[in-house]
Amino acid sequence: MYLMKDITRDGDPVLRARAKKVQFPLSEADKQLAHDLMEYLVVSQDEEENKKYHLRPGVGLAAPQVGVSECMAAVLVPGPDDSILLKEVLINPVVISNSVQDAALSEGEGCLSVDQDVEGYVVRHDRITVRYQNLAGETKKIRLKNYPAIVCQHEIDHLNGILFYDHINKKTPFKMDPEGILID
């Protein structure tokens with residue numbers, strides 16, 4: 001299981017590199033990577049377990065964040081009343097369409113690889129369609145909106161060497177299109 005000491009921190013070149021495409025069938029190492037990425041998210045979202053292992057809670061974790069430059073990310077987006085909005089390992093994900101409407105989290109974004117708070121709106125698309133492969137190598141398409149869409153865009157950015165604060169307007173960090181949506 002990954003611990004916080006295993007999370008690659010901002011400044012490491014792997015976080016700014018374009019990750020390489022994952023080949024199928026998956027190697028044993030890639031199967032283990034997929035398992036370990038999701039396991040971190042599951043354990044980190046359990047209040048007792050994350051305290052026990054000193055984990056920062058996460059809703060997404062990309063392979064470059066554990067030092068592996070491959071196009072793979074796990075997402076686990078909780079919903080209301082202990083429901084799960086999205087739980088998937090995305091392999092070779094690509095955003096194939098997006099809305100014109102912008103969205104941002106009202107409290108900004110954070111990242112397991114970035115230790116300091118970076119204030120400002122991280123402006124993203126409110127709705128996206130993502131094409132990816134699952135663990136069996138099947139090509140899937142998923143339409144997402146609001147928070148799950150933001151989480152997936154954040155993780156896909158990691159696979160392209162982009163960090164969330166790259167999207168923040170440096171001169172006016174809390175400026176957004178008036179038609180945009182702020183998500184609580």
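**Exercise 1.** Is Thr-8 buried or exposed, and which residues does Thr-8 touch beyond four places away in sequence?

*Solution.* The model is a predicted one, and Thr-8 is located in the segment that precedes helix H1 (28–44). The relative accessibility of Thr-8 is 9%, and since buried means under 20% relative accessible area, Thr-8 counts as buried. Leaving out residues up to four places away in sequence, Thr-8 touches Val-14, Leu-15, Pro-64, Gln-65, Val-66, Gly-67 and Ser-113. With Pro-64 there is also a polar pairing, in which a polar atom of the Thr-8 side chain lies 3.5 Å from the backbone oxygen of Pro-64.

**Exercise 2.** Determine which residues the UniProt annotation "binding site" covers, and how they are arranged in space.

*Solution.* According to the unreviewed UniProt entry, the annotation covers Cys-111, His-154 and His-158. These residues are spread over 48 residues of sequence, yet they cluster in space, with a largest C-alpha distance of 10.2 Å. Of these, Cys-111 and His-154 are included in the lining of the largest pocket.

**Exercise 3.** Describe the surroundings of Cys-111 and of His-158.

*Solution.* Begin with Cys-111, which sits in the loop between strand S4 (102–105) and strand S5 (124–125) and counts as buried because its relative accessibility is 6%. Beyond four places in sequence, Cys-111 touches Arg-56, Gln-65, His-154, His-158 and Phe-164.

Key: Residues numbered from 1 in each chain as written. Predicted model: local features only at pLDDT ≥ 70, side-chain atom pairs only at ≥ 80, totals over all residues. Heavy atoms only, no water. UniProt positions renumbered as here; feature names shortened; annotations may be inferred. 1 Å grid on protein atoms, 1.4 Å probe; cavity = no way out; pocket = protein on both sides within 12 Å on 5 of 7 lines; lining within 4 Å. Helix = DSSP H or I, 4+ residues; strand = E, 2+ residues; numbered from the N terminus. Buried < 20%, exposed > 50% of the residue type's maximum accessible area, 1.4 Å probe, protein only. Contact = heavy atoms within 4.5 Å. Polar contact = N/O pair within 3.5 Å; in protein donor to acceptor, adjacent residues only side chain to side chain.
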